[in-house]
Amino acid sequence: MLSIASIFLSVLLAGASPARATCSPAILGTNISITNGPLEAGFSSNGLTLVSQPISVATPEFAVAASSFSGNFTLLKVTNKALALTNTGALPETLSVGSASASAQSWAVQCSSCVSENGPPGSTLIGEGCLVVSQLDQRCLNIGLSTTTPVGSPVTLGNCQAVGSSINIYIAA
Ligand SMILES: *[C@@H]1O[C@H](CO)[C@@H](O)[C@H](O)[C@H]1NC(C)=O
Ligand SMILES: *[C@@H]1O[C@H](CO)[C@@H](O)[C@H](O)[C@H]1NC(C)=O
C-alpha cells in the first residue's frame, strides 16, 4: 500500500519534471512553418533576423535539409536555400550555408507528439508541443506570443525550460 508520504513524493516528482519532448517529427525534405499559437517564425524585411508574423501554414518558411549532426536538421530559407537558420550567439539569423559552424546551423526538433493530421487548408500538422534546439548551445527558438510580445517582434533564443514546448510544426501540403 502506498503511504501518504510516497504519494506526496510522486506528485512532487511529477510536478518537477516538465512535459518531456519525446519524438522528432518526419520533416526531412519537407517545407515547414514553425508556429506558436497564432504566430509563426518569419523573416524580417532586412532578411537576416526572424520575426513573429501571423500564422500562414500553407506558405512555408523553411526547407528542411539534413545536418551533419545525426537526427538534427538544417533549416533553409525556402525562397533562398543558400541561407540557413543560424545561431549567431545573440539572435537566430539567416546566414549563408557554411558561413558558421555546423553546430550553429543544426537544430534538433523535439516534440511531445509526432502526428500527421490535417492542419488548416494546405497544411499537415506534423509535430505538437515542440522545442527547436540549437546544437551550438542547446538553447531554444522562442517565438513570443502576441499576448506578451507584439507581432513583428524578433524571434529569439532562450533557455528551453523557460521557453517551454509550445511550438507546433506544419508541413505545407
Ligand atoms: C518546397 O518549396 C520550394 C519553393 O517553393 C518548392 O520548389 C519545392 O518543391 C517544395 N518542396 C516540397 C517537398 O514541397
Ligand atoms: C541532435 O544531435 C545531437 C548531437 O549529436 C544528438 O545528441 C541529438 O540526439 C540529436 N537530436 C535529435 C532530435 O536527434
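Predicted model: local features only at pLDDT ≥ 70, side-chain atom pairs only at ≥ 80, totals over all residues.
User: How far is the polar side-chain atom of N31 from an oxygen atom of ligand 1?
Analyst: The separation is 2.3 Å, and a polar contact is a pair of N or O atoms within 3.5 Å; within protein, one must be able to donate a hydrogen and the other to accept it, and residues adjacent in sequence count only if both atoms are side-chain atoms. Ligand 1 taken alone exposes 360 Å², of which the protein buries 36% (areas by the Shrake-Rupley method with a 1.4 Å probe; for residues, only the protein chains shown count as cover).
User: Which residues are around ligand 1?
Analyst: They are G29, N31 and V78, where near means that a heavy atom of the residue lies within 4 Å.
User: Okay, new topic. How many disulfides are there?
Analyst: The structure has three, a disulfide being a pair of cysteine sulfur atoms within 2.5 Å. Counting bonded cysteines along the chain, the pattern is 1-3, 2-4, 5-6.
User: What does C23 join to?
Analyst: C23 is joined to C114, with 2.1 Å from S to S. This pair links distant parts of the chain, 91 residues apart: C23 is in the loop between α1 (4-16) and β1 (31-36), and C114 is in strand β8 (residues 107-118). Helices (H or I, at least four residues) and strands (E, at least two) are DSSP runs, numbered from the N terminus.
User: And C111 and C130, buried or exposed?
Analyst: Both C111 and C130 are buried, meaning under 20% relative accessible area, with exposed over 50% and partly exposed in between (1.4 Å probe, protein chains only). A disulfide joins these two cysteines, C111 and C130.
User: Now the strands. How do β5 and β6 pair?
Analyst: Strands β5 (residues 73-77) and β6 (residues 80-87) pair in the antiparallel sense over two bridges; pairing requires at least two bridges found by DSSP. They form a hairpin with two residues between them, and L76 stands opposite A84 in β6.

Conventions
Residues numbered from 1 in each chain as written. Chains lettered and ligands numbered in written order. Heavy atoms only, no water.
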